[in-house]
Amino acid sequence: MSNKPFIFKQFSVNQDRCAMKIGTDSVLLGAWTSLKTNPKSILDIGAGTGILALMLAQRSAAELIDAIEIDEDAYEQCVDNFEQSPWGDRLFCYHAALEELVDEFEDQYDLIISNPPFYSEDYKTDNGKRDMARFSDALPFEHLLDSVSKLLSKEGVFSVIIPFKEEKTFIALASKFKLFLNRMLYVKGAPTSETKRSLLEFSFRESAIETQELVIETARHQYTEDYINLTKDFYLNM
């Protein structure tokens, strides 16, 4: 896991103080999330380095882009990354737990995005911070969806990435909070590998579900055209 800054085309992200380093998941989610509704306000839940908020600052004209991060080191790093970016005046990070934001916040967001901690497997490592960043008991899906249903505006969109094996549970839970699936993307590392991730987009409106599949590479470092097209505004080598 690299502690070096991650350099994108329009911004760079320091990650030496964050338990969870920048990976493909965040970049995929930040690039895939729809901006068709022209959101004026965006919230990134569990911001880590701030990568998702930064990507959406690059892609959108949203005036208000908030992030929330509970871990102190990650929060401080996120603030630094925001300040060093070209969009510092539009980005703000709260050092708080999600329930605090739900309790205190009057306004609602047009777009909420999250790459939540989701390793609900039974093992824990010796690194408590990394565990908190990775394990769903730090932010259970039900708590996340309940909070989103309160913070999302009536016409708003919620975008999330989760393990494929958790998908059915997550969609069923979402419907309990009147959040309906509108778009989804299945991600596979290679043409023959199993589906690893599901990118899901929800709103309060029921619709036909737009479903796509993305294969990342055909061989080691031989990226597919779909993957290049999705990420080329961000990765230097695309």
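**View 1. The predicted chain as a whole.** pLDDT is the predictor's confidence in each residue, on a scale from 0 to 100. In this predicted model, the chain has a mean pLDDT of 90, and 90% of its residues reach 70 or more. Over residues 119-123, by contrast, pLDDT stays under 50, and for this stretch the model has 10 contacts beyond four places in sequence. The chain contains eight helices and 12 strands, and buried residues account for 51% of its 238 residues. Of the contacts between residues at least 6 apart in sequence, 71% join residues at least 24 apart. The chain exposes about 11,700 Å², of which carbon and sulfur atoms supply 49%.

**View 2. The largest nonpolar core and a second, separate one.** The largest nonpolar core has 39 residues, and those touching the most other members are Phe-8, Phe-11, Phe-82, Leu-91 and Leu-199. At least two residues of this core come from each of α1 (24-32), α2 (51-59), β4 (64-69), α3 (72-84), β5, β6 (109-114), β7 (152-163) and β8 (180-188), with α2 giving the largest share, seven residues.

**View 3. The surroundings of Phe-11.** Leaving aside residues up to four places away in sequence, Phe-11 touches Phe-6, Ile-51, Leu-54, Met-55, Gln-58, Pro-86, Trp-87 and Phe-234.

**View 4. Strand β3 and its two parallel partners.** Strand β3 (residues 41-45) is mostly covered, five of its five residues being buried. Both of its faces are covered, with Ser-41, Leu-43 and Ile-45 buried on one side and Ile-42 and Asp-44 buried on the other. β3 runs parallel to β4, to which five bridges join it, and also parallel to β6, to which it is joined by four bridges. Leu-43 has a bridge partner in each of these strands, namely Asp-66 in β4 and Ile-112 in β6. Together with α2, strands β3 and β4 form a right-handed β-α-β unit.

**View 5. Tyr-94 in strand β5.** Tyr-94 lies in β5, which spans residues 91-95. When residues up to four places away in sequence are not counted, Tyr-94 touches Asp-66, Ala-67, Ile-68, Glu-69, Tyr-75, Leu-101, Phe-105 and Tyr-109. The C-alpha atom of Tyr-94 is separated by 9.9 Å from that of Ile-45, a residue 49 residues apart from Tyr-94 along the chain.

Methods: Residues numbered from 1 in each chain as written. Predicted model: local features only at pLDDT ≥ 70, side-chain atom pairs only at ≥ 80, totals over all residues. Heavy atoms only, no water. Contact = heavy atoms within 4.5 Å. Buried < 20%, exposed > 50% of the residue type's maximum accessible area, 1.4 Å probe, protein only. Areas by Shrake-Rupley, 256 points an atom, 1.4 Å probe, with all protein chains shown as cover. Core = buried A, V, L, I, M, F, W, Y, C linked by side-chain atoms within 4.5 Å. Pairing = 2+ DSSP bridges. Right-handed = clockwise from strand over helix to strand, strands pointing away.
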